[in-house]
Amino acid sequence: MKRTFILIILCVLSLNISAQYSIKQRFEFVHHLIKSNDFKEALIELDYLEGKTTSDSLYYLKGWSLYSLKQLTNSADNFKKVSRTSTFYHKSHFFAAYSYVHTRNYKDAKRILNQIELTPQTRQLQDFESSGIALLERDFDLYETVSLKSKHILPALQTEVINLTKLHASLKNRKPKKMWLAGLMSAIVPGSGKMYAGKTGEGIASLLMVGSTGLVTWENHRKLGVKNFKTILFGSIFTIFYVGNIYGSVFSVKISNEEFNHEMDQKILFNLHIPLRNIFN
Amino acid sequence: MKWIKKYYLIYIFLCGTFSISQADNRILIKADSLFSSGKFQSAAIEYERILYFSDTDQSNYDCLYKKAQCYKLLTDFTKACKTLERINLFRENINNYIDIKRELCLCYYLDNNLQKALMVITQLRHKAKALPKETQLVEIFVLNEMKKWQDAHQKAKLYAEQYVSEENHKLISLKKLDSLYSKKNLPKLKSIDKAENLSRFIPGVGQLYCGKIAEGSFTFLFNGAFLALGAQQILSKFYFTGYTAGFGVLHKTYTGNMARTKHLAKKVNLVRSTHFNESIIKYMLSL
């Protein structure tokens with residue numbers, strides 16, 4: 001009787017136990033959600049696991065889901081919690097560094113890269129990523145020191161190393177355009193400052209606009225005199241256009257410089273990302 | 001003693017089998033209870049979990065169908081469509097097939113994927129003897145959205161004949177539908193090309209065509225004023241002033257006005273067809 005009673009209790013308990021999933025099964029399920037691109041659902045499931053385990057997989061998967069959802073700072077915070085014993089250690093820490101680079105937090109990115117425990121293979125990757133950060137910071141001396149120069153570059157890095165070298169050359173050879181020079185040029189020949197900034201179309205349009213209002217003012221001044229209302233009206237319009245064009249030229253140089261830098265930064269980030277995906281995926 | 005051992009082994013085996021089958025049911029109950037308490041996101045995860053850990057076809061259909069319902073209620077119609085598309089239709093019986101396609105065409109319609117919704121309706125028409133009531137409604141709404149008023153009218157009449165039981169009410173409904181779809185009541189859509197061309201020849205007439213009388217009149221006067229200024233200045237031998245202040249500005253307002261007319265015609269068409277479709281949806285749902 002006593003034994004039967006114990007057996008019944010065990011069976012009731014087994015009902016509850018079998019209705020719950022083990023931590024391992026939950027991780028398998030999270031993997032499945034991530035593979036199906038259901039990152040939000042994966043994060044909900046990982047939040048449930050947060051207090052129950054401190055496994056490296058938890059931080060890696062959370063970091064990866066957040067990375068896929070473009071929440072880069074949170075992603076990096078999770079990636080860097082992955083310990084050295086994990087198989088995801090290198091991937092996590094390199095992606096943490098890349099996430100910080102993408103958010104322009106170069107200081108944390110460099111700190112993470114320097115702390116990574118390296119293998120011969122990942123040493124080249126570390127140097128490559130560091131050289132990319134140096135380029136992003138426009139620290140050309142540091143770039144030349146850390147950039148990969150050996151003949152035995154990893155196949156996954158070869159194309160990107162060449163690309164970074166080309167980007168370095170374009171950055172180094174470009175002379176930043178001067179705002180004051182653009183302003184001066186536009187004051188002498190309207191629109192020429194914009195052409196100097198690389199915006200030829202805008203420059204020609206400005207030249208025509210300022211030139212035509214100038215001609216109208218000159219025509220009215222010649223025929224009606226300086227005190228006539230029409231001369232004053234068109235003269236005022238000409239002055240506004242003329243001064244506005246100088247101001248616009250100064251800013252078009254600033255915008256042009258920013259556009260160039262942004263384009264270069266995007267290219268560098270792209271080249272830093274490709275080897276990470278090739279090596280770790 | 002030998003018999004007691006056998007008894008225990010049989011007991012354990014039966015209890016184990018029973019508890020495993022009960023566990024699946026308990027998780028399904030948990031997902032269903034999350035669904036009924038309005039926690040659709042969590043319910044969707046639980047249904048996906050059952051799908052991942054289970055092999056039976058029945059739970060496949062049930063879970064995917066309910067998961068799609070969760071996304072539909074979360075107004076994530078794209079995910080609802082994707083979930084329904086995962087159901088293996090070859091394994092399902094005709095009733096399940098109809099249910100899946102009915103939901104799928106509704107989700108496509110709500111996701112503004114009109115061509116796919118129509119395609120699913122065509123598939124359903126081939127497979128089922130008659131379209132479900134909801135699908136017939138969706139078909140009418142889809143045809144309205146696609147501006148196929150005549151087809152929509154025919155389908156709406158068939159729907160009223162089929163589902164309005166009372167004879168008097170049926171006659172009233174049919175008359176109402178005829179009046180709703182009458183030529184007089186149909187949205188008078190503006191030709192975008194015509195609106196643009198009208199503004200090309202006489203600035204402001206395109207706006208008048210789109211029903212914007214004040215804007216059209218102002219545009220006409222504005223462009224006319226610059227044209228007159230240009231002509232007057234040239235006649236007064238102020239060639240540069242006439243060309244720049246008159247025709248130069250006119251060129252800008254003239255081309256800008258054509259683009260504005262095009263945008264206006266599109267906007268008017270959208271407002272009118274949306275208003276018409278909404279009145280049809282309101283009436284059809286009241287039947």
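Of the 45 residues in the largest nonpolar core, L84(B) and C105(B) touch the most other members. A nonpolar core here is a set of buried Ala, Val, Leu, Ile, Met, Phe, Trp, Tyr and Cys residues joined through C-beta atoms within 7 Å. Buried means that 20 or more other C-beta atoms lie within 10 Å of a residue's own, exposed means 12 or fewer, and partly exposed is in between, with C-beta atoms placed from the backbone. The biggest share of this core, 7 residues, comes from helix α5 (residues 94-110) of chain B. Apart from it lies another core, of 38 residues, with A42(A), I116(A), L164(A) and I268(A) among them. As a rule, nonpolar side chains tend to be buried together in soluble globular proteins.

All of this comes from a predicted model, where local features need pLDDT of at least 70 and side-chain atom pairs count only at pLDDT 80 or more, while totals for chains, interfaces and linings use all residues. Residues are numbered from 1 along each chain as its sequence is written, and chains are lettered from A and ligands numbered from 1 in the order in which they are written.

Back to L84(B): if its neighbours within four places in sequence are left aside, L84(B) is in contact with L64(B), A68(B), I100(B), E103(B), L104(B) and C107(B). Two residues count as in contact if their C-beta atoms, placed from the backbone, lie within 7 Å. Looking at chain B as a whole, 46% of the contacts with a separation of 6 or more are between residues 24 or more positions apart. Buried residues make up 32% of the 287 residues in this chain. Chain B has 13 helices and 0 strands; both are DSSP runs numbered from the N terminus, helices being H or I with at least four residues and strands E with at least two.

Next come two lysines with a positive phi. Most residues other than glycine have a negative phi. K70(A) has a phi near 65° and sits in the loop between α4 (56-68) and α5 (72-79) of chain A.

Chain A has a domain assignment, automatic or from a database, that gives domain 1 (23-112), domain 2 (118-174) and domain 3 (179-266). The C-alpha centres of domains 2 and 3 of chain A lie 42 Å apart.
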